[in-house]
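Please read them with the structure open.

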Amino acid sequence: MITILAIESSCDETSASVCRDGRILSNVIATQAVHEQYGGVVPELASRAHMENIVPVVDKALKQAGVTMQELNAVAFTQAPGLIGSLLVGVQFAKSMALALDVPLIAVHHMQAHVLANLIPEENPSFPFLCLTVSGGHTQIVLCESATQMTVLGETIDDAAGEAFDKTAKLLGLPYPGGPLIDKYAQLGNPDRFHFPEPQIPELNFSFSGLKTSILYFLRNAGTSLVYKEEFLKTEEEQKQFIAENLNDICASIQQRIISILLNKLKKAVKETGVKQVCLAGGVSANSGLRKAFVAMGEKHHWKTFIPSFEYCTDNAGMIAITAYHKYLAGEFVSLAVQPSARAEW
Amino acid sequence: MQYTITKENIHSVANELLQQLKPYKVWAFYAAMGSGKTTFIHALCDVMGVEDAVGSPTFSIINEYKAADGSIVYHLDLYRINDEEEAIQAGVEDVLYSGDLCLVEWPEKTPDLFPADTVQLSIDVVDSTTRRITVKVPS
């Protein structure tokens, strides 16, 4: 029996998870529930927040799993990429715990863990599979040949897909993070009403900043043109009125374009690799339009598609734990000299 | 200094700026959303031979790259930062005073955190394929 404690602290969330023989027993993410239980206000974004959260979160993860510290066979943590101050909290905590318990230490790459979150459900893909990882900070297509062998086939050269949603929402005057609101309004609108260009980016890479600029001028021109020209610009009043009258159709059209950019590249990746087991990962996989289009594309092209449940799509330690389990089986351990890294290299 | 940037000359302007502004380690980019901050920073990184994926750090706040000569390049985005305290907690101050090159988007979020010898670069939209970049070197 192999029992592993995993810690994730690369960005905003502090999370801990216990996994036994590849099955997730607990996956605690620092939310209001933890704060309520332990009291105190925690700033949303700070390594100090991680410091305040980490002990109660680990404690809760162990209790929920019904596991004592003495039963742990290894401690795992997110090593990269992320904010260095945030990563350090998880790294130091994991090192101290591994040292105190005299168990091996396992370093996990956050983006590889997003991909392997697909191994958590009982019905999961066999190797090799492709994964489209879409989140606020990342957009990647990864070829996963084994739990320890992955290759990035393509990624964004500017904004991430989640950022494209959030920044577009900001242009529409919706509150941050506005991605979920675009999804909500899009369901009520006509996606073919407005046409936004699909960028011509070579190979399997993505770009969303050109789309963002097109949308910016589309709104500034109250829907009359996608380009900047002084004579096209409308008054602020006219822009606001245009948005208010067409919000659902604008959201539906933008969402359809972001999804087509993502799925057309995925289709290309399937064609180039011949791999027909295809997964989705990352927080943006909560977008209902993307899920629907992904499943529909899979049916049309006879792919086998997989989407992990939402709690394993956003940043969470469950995905770190499952990755660590496979690293444990492969004997991939690190020494106490290991350092976190902000860089995203694999 | 003022430069007009198009898709054709973006790398030569980036190269010239890297030569001209060599003594300055913190570059603050002032520009509205969609005017091409990330795109221009991408071009600067290309010229420096960065092989890491250069993306927008809006979510991650600080991206770290390695240039061809081995030096560290920080790409910061303060868009999500609400106040100075948050920026300090996220490690922004440490990076700005590290002596490594820092390319910063949305610096107006924490104006007081910047060192005195910060270069200010503003980008204006001329038309849909042309931008004007104005460089203000500290006196």
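**Backbone, strands and interface**

1. Start in chain B. Ile61(B) sits in the loop between helix 2 (37-47) and strand 3 (62-66) of chain B. This is a predicted model. The phi of Ile61(B) is positive, near 70 degrees, and the residue is not a glycine. Is Ile61(B) buried or exposed? Ile61(B) has a relative accessible area of 0%, so it counts as buried.

2. Chain A has a positive phi to check as well. His302(A), also not a glycine, has a phi of about 60 degrees. The residue lies in the loop between helix 9 (288-300) and strand 10 (304-306) of chain A. His302(A) counts as exposed because its relative accessibility is 66%, and the cut-off for exposed is over 50%. Ile61(B), by contrast, is buried.

3. Two prolines in chain A deserve a look at omega. The peptide bond from Ala80(A) to Pro81(A) is cis, with omega near -15 degrees. Pro81(A) belongs to the loop between strand 4 (74-80) and helix 3 (84-101) of chain A. Phe127(A) and Pro128(A) are also joined by a cis peptide bond, here with omega about -5 degrees. Pro128(A) falls in the loop between helix 4 (110-116) and strand 6 (129-134) of chain A.

4. Strand 1 (residues 3-8) and strand 2 of chain A run antiparallel and are joined by 6 bridges. They form a hairpin, with 6 residues between them. Glu8(A) stands opposite Ser15(A) of strand 2.

5. Arg20(A) has Arg23(A) in strand 3 as its bridge partner. This hairpin has 2 residues between the strands, and Asp21(A) takes a positive phi near 50 degrees there.

6. How many residues of strand 2 (residues 15-20) of chain A are buried? The count is 6 of 6. In a regular strand, side chains alternate between the two faces of the sheet. In strand 2 of chain A, both faces are covered. Ser15(A), Ser17(A) and Cys19(A) are buried on one side. Ala16(A), Val18(A) and Arg20(A) are buried on the other. Arg20(A), then, is a buried residue with an arginine, Arg23(A), as its bridge partner.

7. Now the interface. Chain A contributes 30 residues to the contact and chain B contributes 32 residues. Together the two chains bury about 2600 Å², with 56% of that area on carbon and sulfur atoms.

8. Which helices of chain A supply at least two residues each to the side that touches chain B? They are helix 2 (47-65), helix 5 (161-171) and helix 7 (209-220) of chain A. Helix 7 of chain A gives the largest share, 5 residues. By residue type, the side of chain A that touches chain B divides into 12 nonpolar, 6 polar and 12 charged.

Definitions and conventions
Residues are numbered from 1 along each chain as its sequence is written. Chains are lettered from A and ligands numbered from 1 in the order in which they are written. This is a predicted model: local features need pLDDT of at least 70, side-chain atom pairs count only at pLDDT 80 or more; totals for chains, interfaces and linings use all residues. Side-chain values use heavy atoms; hydrogens and water are left out. Contact means heavy atoms within 4.5 Å. Buried area is the accessible area (1.4 Å probe) that two parts lose on being put together, summed over both. Helices (H or I, at least four residues) and strands (E, at least two) are DSSP runs, numbered from the N terminus. Ala, Val, Leu, Ile, Met, Phe, Trp, Tyr, Cys and Pro count as nonpolar, Asp, Glu, Lys and Arg as charged, and the others, Gly among them, as polar. Buried means under 20% relative accessible area, exposed over 50%, partly exposed in between (1.4 Å probe, protein chains only). Two strands pair if DSSP finds at least two bridges between them.
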